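User: Hello! I am new to this protein and would like to walk through it with you, one question at a time.

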Amino acid sequence: MGAEEETNKTYPHWLKPLLREKFFVQCKLHADSHKSECNMYCLDCTNGPLCSLCLSFHKDHHAIQIRRSSYHDVIRVSEIQKFLDITGVQTYVINSAKVVFLNERPQPRPGKGVINTCEVCYRSLVDSFRFCSLGCKISGISKKKRKEWTNNLSDSDDSYSSTSIGRLKKNDDIMNNSFTPSTPPLSAVNRRIAKRRKGIPHRAPFGGLIIEY
């Protein structure tokens with residue numbers, strides 16, 4: 001199993017599509033309504049942001065509401081924690097409600113004296129949180145999974161290589177011992193040929209014939 005497959009199994013199927021969506025746009029189906037702002041999301045259908053009027057087509061489905069803080073998308077902890085483990089993600093209190101950010105927020109440089117920062121984007125964090133947003137948590141866990149998977153694969157390759165080399169060497173030794181040609185013994189015919197010495201040369205039968213014209 002690859003690192004990406006392990007990560008996909010760690011989180012619900014709707015999380016990555018949710019983080020890619022653009023909310024607070026006008027609904028194309030209810031553009032004439034004053035409630036056409038898309039700030040809802042159906043976790044069962046995952047077919048894009050919805051306005052409040054669209055929810056009538058998603059009865060008995062699990063839907064969550066996205067809110068805004070300083071032009072960034074947030075969701076209330078009381079809503080998201082029903083469907084997702086948000087352990088390690090920095091929480092904030094906005095309008096008397098505890099929320100988490102959906103995606104990372106670039107920060108030019110951490111503040112002075114900051115000790116704890118996001119493991120992915122290095123944004124300043126308080127307490128012992130590891131990530132500043134849900135997106136950073138997915139990215140951080142995915143990198144960790146890939147690293148572990150790569151290390152395991154490397155160890156497996158090393159073990160396989162050393163085993164293969166040992167097998168090849170053993171096979172070579174067997175081949176050399178089994179198929180190294182030895183000097184065959186001389187047969188009786190070969191011995192006679194080897195012992196025969198050069199005898200008296202024989203002339204051609206017509207070598208001494210002289211023809212006169």
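User: In β7, which residue is the bridge partner of V74?

Analyst: Welcome! This is a predicted model, in which local features need pLDDT of at least 70 and side-chain atom pairs count only at pLDDT 80 or more, while totals for chains, interfaces and linings use all residues. Residues are numbered from 1 along each chain as its sequence is written, and side-chain values use heavy atoms, with hydrogens and water left out. Strands here are DSSP E runs of at least two residues and helices are H or I runs of at least four, numbered from the N terminus. In β7, V74 has as its bridge partner F101.

User: How many bridges join β5 to β7?

Analyst: Strands count as paired if DSSP finds at least two bridges between them. Strand β5 (residues 72-76) and strand β7 (residues 97-101) run antiparallel, and the number of bridges joining them is three.

User: Which strands stand at the edges of the four-stranded open sheet?

Analyst: The order in this open sheet is β4-β5-β7-β6, with antiparallel pairing. Each edge strand has a single partner, so one side of each is left without a neighbour in the sheet; these strands are β4 (67-69) and β6 (92-94).

User: Is S69 buried or exposed?

Analyst: S69 lies in strand β4. Leaving aside neighbours within four places in sequence, S69 is in contact (heavy atoms within 4.5 Å) with V74, I94 and F101. Buried means under 20% relative accessible area, exposed over 50%, and partly exposed in between, using a 1.4 Å probe and protein chains only. At 12% relative accessibility, S69 therefore counts as buried.

User: Which strands are at the edges of the three-stranded open sheet?

Analyst: This sheet has the order β2-β1-β3, and its pairing is antiparallel. Each edge strand pairs on one side only, and these strands are β2 (49-50) and β3 (63-65).

User: Which residue in β2 does M40 stand opposite?

Analyst: β1 and β2 pair in the antiparallel sense, over two bridges. Across from M40, the residue in β2 is L50.

User: Where is H30, and what is its relative accessibility?

Analyst: H30 is found in the loop between α2 (15-20) and β1 (40-42). Apart from neighbours within four places in sequence, H30 has contacts with S36, C51, L53, C54 and F57. H30 counts as buried because its relative accessibility is 18%.

User: How far apart in space are H30 and S52?

Analyst: In sequence, H30 and S52 are 22 residues apart. From C-alpha to C-alpha, their separation in space is 9.7 Å.
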